[in-house]
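Try each one before reading its solution.

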Amino acid sequence: MVLTLLAMTTLWQAEAMASPDPLCGLLRTFVASVGPRETRSIEFHTSWGQNFKGSSTPAFLAKRCVSHDYGPADVVCVHLMSYGMIEFSGNNAEQALACLSEGTQFGLHVQLARAEFSFPYGTDERGTNITIKYDEDRDMGGMVLTITADGY
């Protein structure tokens, strides 16, 4: 019984590590879709413990995603609205960075309070400059993860 449970746990861990994160593919499609001299962004807003400012509806947690009506960003927003973290929303920024900046890893107990990362994605001839920013949203309340892609 214990051996079976250990084997099942080991198998589950191996499958979890081997299966690609669905957000990664969506983010890569989004940034690859941005053309030269074009800028696109996604804003994922989260609020833990209360609703956003200006809302008359009480809530313990809230989330919104702004895609600026751009198809590849819409798909990322749908995923974030379903699976994005609210309480530990810095994990969304960590996940986005790990997806788009190959080899990036965070320690097990890292919790971002604020962060901003900029890096290229693609090749020297064609790609995007990515900025991932995670910070307080003073206007709306809560936190906001902004992923911006500037094509070149």
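Two terms are needed first: buried means under 20% relative accessible area, and contact means heavy atoms within 4.5 Å. Keep in mind that this is a predicted model.

**Exercise 1.** Work out the order of the strands in the sheet and find which strands stand at the edges.

*Solution.* Begin with the order: 5 strands make up an open sheet, β2-β1-β5-β4-β3, with antiparallel pairing. Next, look at the ends: β2 (61–66) and β3 (115–122) each have a single partner strand, so one side of each lacks a neighbour in the sheet. From one strand to the next, the twist averages 10°.

**Exercise 2.** Describe how β3 is joined to β4.

*Solution.* Count the bridges: there are 8 between β3 and β4 (residues 127–136), and the two strands run antiparallel.

**Exercise 3.** Check the span of α3, then find where its buried residues lie.

*Solution.* Place the helix first: α3 (residues 71–83) lies across β1 (39–48) and β2, at about 170° to β2. At 1.5 Å a residue, its 13 residues should span 18 Å, and the end C-alpha atoms are 19 Å apart, which agrees. In α3, the residues A73, V76, C77, H79 and L80 are buried. They cover an arc of only 165° around the axis, so they sit on the same side of α3. Finally, ask what covers them: the cover includes α2 (22–33), β1 and β2.

Key:
Residues numbered from 1 in each chain as written. Predicted model: local features only at pLDDT ≥ 70, side-chain atom pairs only at ≥ 80, totals over all residues. Heavy atoms only, no water. Pairing = 2+ DSSP bridges. Helix = DSSP H or I, 4+ residues; strand = E, 2+ residues; numbered from the N terminus. Axes fitted to C-alpha atoms, helices over the stretch in contact; angles between N-to-C directions. Expected span 1.5 Å × (residues − 1). Buried < 20%, exposed > 50% of the residue type's maximum accessible area, 1.4 Å probe, protein only. Arc of directions from axis to C-beta.
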